[in-house]
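Please open the model in your viewer and keep the selection panel at hand. The stops below proceed from one selection to the next.

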Amino acid sequence: MPFTPGLEAYRKQVESSLESLFETCEGPAHLIEAMGYSLFAGGKRLRPVLLMATHDLFSKNGLDPMPAACALEFIHTYSLIHDDLPAMDNDDFRRGRPTNHKRFGEAQAILAGDGLLTEAFGLMARHYGDSADSSVIHGIAEVALAAGSAGMVGGQVLDMTETGHDLDQEQLETVHRLKTGALIRAAVRCGAILGHANADELDRLTQYAEAIGLAFQVADDLLDVLGSREELGKSTGKDQAQGKTTYAGLLGIQDGRNYVADLTSRAIANLEVFGEKAESLRDIARFIADSVGPQNN
Ligand code: IPE
Ligand code: IPE
Ligand code: MG
Ligand code: MG
Ligand code: MG
């Protein structure tokens, strides 16, 4: 499923900034190699693209959102390395190559994840440290809250402790909102905060982000059943075997698709006030909906 040309342009900018920012990370060669191995393995860059596209809704105010966008991708990549560990999902293929622990061993994979997480905050501190604009510290706090115990890490804990137990839809939604929705929400909110969005704009964008964040993990659940390792670049068909409750299992494929379509159109409805300028954000919502195939009309 390709990005639209507009999203592809954002992705390319992110890619080249990731490369130059990663060059500033220092440490033992083996560790840097392991961090770069997963960072430059061809992820979609959805979260940094979301941050950049959201920031572009607002007029330029001298704050470059790119370091925050790249920091989010560092954090997301760390979360994938740890998610694949034998103690968690025990996967051996990610972003089209063997998982980090398969290539470098478990200890190095844990440390490569730790390195990426810590460097993410280091690079934001280095780039924004001299700014007197208080939106910088609010943006960074947003990212920390979303990545930490009340966000992604908390969601991963629930995902692990709930494995093997049947969840109802409300309980599953909580896991998904935390493990995946939180970073997507932070991408949008951080872009808006750095752009000096007003309270109403931030509220609408938050509603957009919460809807696509949930849609993204519902789609990921469906793709675990529908997709192939070749298409997705990661192991598939494992959720059910591992005893995870997923939307594919709870709703079935067709109702799952309809739910993704419903969430993405609800997301888009929140963008009306931004007019044409929000087309890239609409494209991201459509990209998520299209990834799981047609809905039932
Ligand atoms: C995969 O995220 C893990 C989830 C949160 C569902 P992505 O589908 O964004 O993975 P990459 O970054 O493209 O590899
Ligand atoms: C991933 O959820 C969530 C995070 C990495 C935080 P999954 O475990 O479903 O992601 P995939 O399917 O392995 O990419
Ligand atoms: Mg997982
Ligand atoms: Mg996983
Ligand atoms: Mg999955």
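Helices, numbered from the N terminus, are DSSP runs of H or I with at least four residues. With that convention in place, note that this is a predicted model, and begin with the first ligand.

**Stop 1: ligand 1**

Select ligand 1 and display its surroundings. Which element gives the most to the shell around ligand 1? It is α10, with three residues. The residues that surround the ligand include Gly43, Lys44, Arg47, His76, Leu80, Arg95 and Thr180; Phe216, Gln217, Asp220 and Lys234 are also in this shell.

A polar side-chain atom of lysine 44 is 2.6 Å from an oxygen atom of ligand 1. For arginine 47, the corresponding distance from a polar side-chain atom to an oxygen of the ligand is 2.8 Å. Arginine 95 places a side-chain N or O atom 2.7 Å from an oxygen atom of ligand 1. Taken alone, ligand 1 exposes 400 Å², of which the protein buries 88%. Two elements give two or more residues to this shell, namely α4 (66–83) and α10 (199–226).

**Stop 2: two arginines with positive phi**

Stay with arginine 95 and inspect its backbone. Most residues other than glycine have a negative phi. Arginine 95, however, has a positive phi of about 50° although it is not a glycine. This arginine is found in the loop between β1 (93–94) and β2 (97–98). Is arginine 95 buried or exposed? At 14% relative accessibility, arginine 95 counts as buried, because the limit for that class is under 20%.

Next, select arginine 45. Arginine 45 also is not a glycine and has a positive phi, of about 65°. The residue is placed in the loop between α2 and α3 (46–55). Its relative accessible area is 1%, and arginine 45 is therefore buried.

**Stop 3: ligand 2**

An N or O atom in the side chain of aspartate 89 is 2.7 Å from an oxygen atom of ligand 2. Arginine 94 has a polar side-chain atom 2.7 Å from an oxygen atom of this ligand. For lysine 179, the distance between a side-chain N or O atom and an oxygen atom of ligand 2 is 3.5 Å. On its own ligand 2 has 390 Å² of accessible area, and the protein covers 90% of it.

**Stop 4: the magnesium ions**

Select the magnesium ion that is ligand 3. Which residues are the protein donors of this ion? They are Asp83 (OD) and Asp89 (OD), lying 2.1 to 2.2 Å from the magnesium ion. Aspartate 83 counts as buried at 13% relative accessibility, and aspartate 89 is buried with a relative accessible area of 11%.

**Stop 5: aromatic rings**

Finally, display the aromatic side chains. The structure holds six aromatic pairs. Tyrosine 37 and phenylalanine 104 form one that is edge-to-face, with 5.1 Å centre to centre and 85° between the planes. This pair links distant parts of the chain, 67 residues apart: tyrosine 37 is in helix α2 (residues 29–39) and phenylalanine 104 in helix α5 (residues 100–104). Tyrosine 37 counts as buried at 12% relative accessibility, and phenylalanine 104 is buried with a relative accessible area of 10%.

The charged end of arginine 103 sits over the ring of phenylalanine 104, 4.5 Å from its centre. A further example is arginine 229, whose charged end sits over the ring of phenylalanine 93, 3.6 Å from its centre.

Note on methods. Residues are numbered from 1 along each chain as its sequence is written. Chains are lettered from A and ligands numbered from 1 in the order in which they are written. This is a predicted model: local features need pLDDT of at least 70, side-chain atom pairs count only at pLDDT 80 or more; totals for chains, interfaces and linings use all residues. Side-chain values use heavy atoms; hydrogens and water are left out. Donors are N, O and S atoms within 2.8 Å of the metal (3.2 Å for Na, K and Ca); water is not among the atoms, so sites may look incomplete. Buried means under 20% relative accessible area, exposed over 50%, partly exposed in between (1.4 Å probe, protein chains only). Rings of Phe, Tyr and Trp (its six-membered ring) pair if their centres lie within 6.5 Å; planes under 30 degrees apart count as stacked, over 60 as edge-to-face and the rest as tilted. A charge sits over a ring if NZ of Lys or CZ of Arg is within 6 Å of the ring centre and within 35 degrees of the ring normal. A residue is near a molecule or strand if one of its heavy atoms lies within 4 Å of it. A polar contact is a pair of N or O atoms within 3.5 Å; within protein, one must be able to donate a hydrogen and the other to accept it, and residues adjacent in sequence count only if both atoms are side-chain atoms. Accessible areas come from the Shrake-Rupley method with a 1.4 Å probe; for residues, only the protein chains shown count as cover.
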